[in-house]
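Okay, everyone, thanks for coming. I'd like to walk you through the contacts in this one, so let me put it up on the screen.

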Amino acid sequence: MVFTGRHHGLTLPAGLGDTGHQYAHLFDIYVPIALGVWVAITLAVGVALFRYRRRPGRAPSGRHTATRLEASYAVVLACTVAALLYLTFTTEDEVDALPRKPGLVVHVTGAMWNWRFDYPAYGISIVAGTVRPGTLYVPTRTEVLLELRSIDVVHSLWVPATRIKKDVFPGAEEELGLKFPRAGTFRGVCAEFCGTHHADMTFSVRALPPARFRQWAERNRGLRQGESA
Amino acid sequence: MSTIAARRRAPSWTGVIGATDHKVLGRNMLIAAFAFFIAGGVFALLMRLELAQPGMQLMARDSYDELFTMHGSTMVYLFVTPLALALGVYLVPLQIGAADISAPRVANIGFWLYVGGGLTMESGWLTDIGPGRAGWFSAYPLSGSDATPGFGMDLWVLGVILATAGVGLVGACLLGTIMRRRAPGMTMLRMPVFTWTELVTCLMVIGAFPVLILVMVLLYLDRQGVHVFQGFNGAIDYQQLFWFYGHPVVYVMFFPFFGAAAEAIAVGAGRRWFGYEASALSLLAFTALSMSVWAHHMFTTGGVHNAYFSLTSTALVVPAGIEYLGMLGTLVGGAIVFRTSFLFALAFFIQFLIGGLSGIFVASPPLDYHAQDSYIVVAHFHYTLFAGSIFGFFAGVYHWFPKAFGVRLREGLGKLQLALMVVGTNLTFLPMFFLGQEGMPRRVATYPASTGWGTLNVLETVGAFVIASGVLVFVVNVLSSLRSHVAAGPDPWDGHTLEWATSSPPPRHNFELLPPVRSYAPLLDLKQSGEWPRARRPEEALA
């Protein structure tokens with residue numbers, strides 16, 4: 001089913017981790033309402049077109065205002081707005097919350113047109129983008145904190161499977177918490193247009209079970225720029 | 001055969017360049033905007049050709065960046081925004097019973113500034129390194145001289161300044177016209193719906209455009225070596241200032257077309273707009289809110305207070321919903337005739353709704369974190385601007401063409417154009433929602449074949465060419481209809497407002513005689529009380 005927040009699409013997996021579930025939760029409320037409203041209004045217009053098409057001997061109605069209807073309709077709209085905002089605000093608080101005790105911290109540096117992933121705990125540094133394809137390794141079922149900065153223009157780190165992105169600015173650090181509930185390989189891109197090779201500023205995310213991640217990290221301790229063999 | 005005044009009047013060059021008649025000015029602006037529309041459309045077709053398949057086939061990557069930058073910039077700064085005001089320049093004085101626009105020479109200077117700015121921006125194509133290529137909002141530092149060097153980008157900045165200043169001047173003259181030149185009896189609450197939409201549009205122009213001019217001047221200085229935007233705060237400040245203009249302008253590019261569609265709906269249904277006061281009030285609420293929603297373009301920056309801008313943006317549901325009630329209420333109880341203008345107006349409302357509803361979606365930060373800078377956003381704003389505004393524009397064209405040129409456009413060709421454009425538009429823009437949800441970022445010249453996005457992309461490309469064929473049908477329709485010998489007469493559709501109380505095209509100072517104004521549908525009042533002859537609608541004339 002395409003129209004759910006959790007859908008399995010062409011190649012994109014269902015929303016991953018907390019952010020994926022929070023997105024799906026809101027999506028499954030917003031989108032059905034939107035579709036319902038569109039269908040209802042289109043049907044109402046269709047019925048009105050048929051019912052009030054010009055026919056001989058029937059003059060158009062002279063009634064052109066209905067204050068009580070308009071006011072109560074506005075109240076219904078305002079209540080809908082309030083309900084949607086309540087859902088949005090409560091969800092956003094959860095989405096924006098950063099892990100208090102992250103299991104892994106990665107420093108992410110964006111540059112035209114590469115990402116560098118530094119693991120301070122292991123002295124590992126991986127580059128992904130136009131110079132070489134690269135992979136961000138993360139443990140599953142672990143709070144991962146990405147500390148993001150750019151050395152040139154604005155970039156944006158987006159792993160579509162997690163349904164969240166964060167802009168990466170020069171001169172400031174932004175933080176993004178991610179969690180991968182299961183092992184797998186996921187696509188990562190730069191979402192903010194950043195010049196000629198914007199489309200190639202891509203990377204992979206490889207989520208490994210914690211034990212295997214530790215194995216990988218220990219084996220590659222001190223690795224610069226490279227990947228494990 | 002000289003009954004058609006449009007052909008009698010041979011335009012002199014000095015008359016065109018120094019135009020002070022709002023009708024000549026409005027027509028000049030419409031023609032200029034339409035020329036930029038064709039240019040921006042060609043850029044879009046080239047982009048769609050490149051995107052039809054994964055990989056790079058047709059052009060260098062920088063060329064693609066130039067194309068999407070110039071597509072967006074041409075459409076926003078040089079087509080839809082000037083077009084929105086051009087309709088007002090032509091029609092507002094007629095609708096409010098004025099002899100002319102306020103400060104017509106200033107308006108004319110504004111028009112030429114706009115044309116000059118447009119040519120300045122497009123002349124970047126002639127420079128060795130190409131035109132602007134940092135996107136239509138040219139975020140800093142990408143738009144700085146380090147990341148995007150070259151004279152073409154400078155020309156882009158200067159072009160935006162000139163065009164925006166020009167359109168701003170036109171907006172000021174139009175605002176003056178509405179406030180100061182209304183005919184006796186034409187109170188604010190008797191102005192036609194279209195005039196109301198132009199009034200609120202001008203308010204936003206006055207409030208927002210100076211900020212864009214400021215930020216572009218600062219960007220220009222920065223590019224010349226004066227450090228203006230520095231570090232994180234500099235980058236955020238640029239976005240704050242830009243979007244303070246950038247969101248109101250979205251409604252500048254919407255309201256007048258809503259107004260045109262509303263007039264076409266009312267006249268097509270044979271009854272006045274339903275819930276007029278509520279609609280006028282919502283337009284004002286919309287305008288007020290429009291000045292406080294800008295940072296919903298910045299939810300993913302971490303530099304703004306998301307909840308506030310989510311609140312103001314979602315609150316737009318209320319005034320927007322009221323406008324839709326007005327549309328439905330006008331249809332209910334009507335005696336509907338399915339003319340091309342009416343059908344375009346219907347398509348405007350139904351298709352814009354998709355853009356509006358997806359707008360509520362992206363106004364929610366947790367949803368926008370995924371949608372921002374993806375094709376979901378591209379789909380969203382093309383549904384508002386193209387599937388919405390441009391269809392509203394064509395509703396207005398079919399509705400008012402006989403007033404401006406003395407002849408009607410052909411209905412058959414009009415309906416063919418509508419069919420092509422509805423099919424093409426939805427084929428082009430609907431798949432974008434799915435591609436965005438799948439994770440396709442905007443502004444990429446290519447995508448990996450492994451994503452499986454090729455099929456939907458090729459459909460979109462086909463759709464874009466179907467749209468182009470619809471536009472071609474429109475051009476053919478205009479050219480062939482102008483050769484017609486059947487005069488439309490002053491009031492071909494049995495209209496409700498003052499512009500239908502004068503000849504087509506109207507004389508230099510618009511009215512030989514002004515009918516009394518007793519409501520927002522003054523001509524309809526007179527027709528209902530028998531003081532004015534009802535026009536035989538063309539459908540009846542044929543029967």
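Predicted model: local features only at pLDDT ≥ 70, side-chain atom pairs only at ≥ 80, totals over all residues.

Six residues of domain 1 and seven of domain 2 make the contact. Together the two domains of chain A bury about 520 Å², and 61% of that is on carbon and sulfur atoms.

What holds hands across that boundary? There's one salt bridge between the domains, and you can find it at Asp18(A) and Lys179(A), at 3.9 Å from N to O. We also get two residue pairs in polar contact there. On the domain 1 side, helix α1, residues 17-51, gives the largest share, with five residues. By class, that side has two nonpolar, three polar and one charged residues.

Now for chain B. Here 77 residues of chain A touch 89 residues of chain B, and the two chains bury about 6700 Å² between them, 69% of it on carbon and sulfur.

How many salt bridges are there between the chains? Polar contacts come to 22 residue pairs.

On the chain A side, α1, α2, β7 and β9 each put in at least two residues, with α2(A) giving the largest share, 15 residues. That side splits into 45 nonpolar, 16 polar and 16 charged residues.

How values were computed: Residues numbered from 1 in each chain as written. Chains lettered and ligands numbered in written order. Heavy atoms only, no water. Contact = heavy atoms within 4.5 Å. Buried area = accessible area lost by both parts, 1.4 Å probe. Salt bridge = Lys/Arg side-chain N within 4 Å of Asp/Glu carboxyl O. Polar contact = N/O pair within 3.5 Å; in protein donor to acceptor, adjacent residues only side chain to side chain. Helix = DSSP H or I, 4+ residues; strand = E, 2+ residues; numbered from the N terminus. Nonpolar A, V, L, I, M, F, W, Y, C, P; charged D, E, K, R; others polar.
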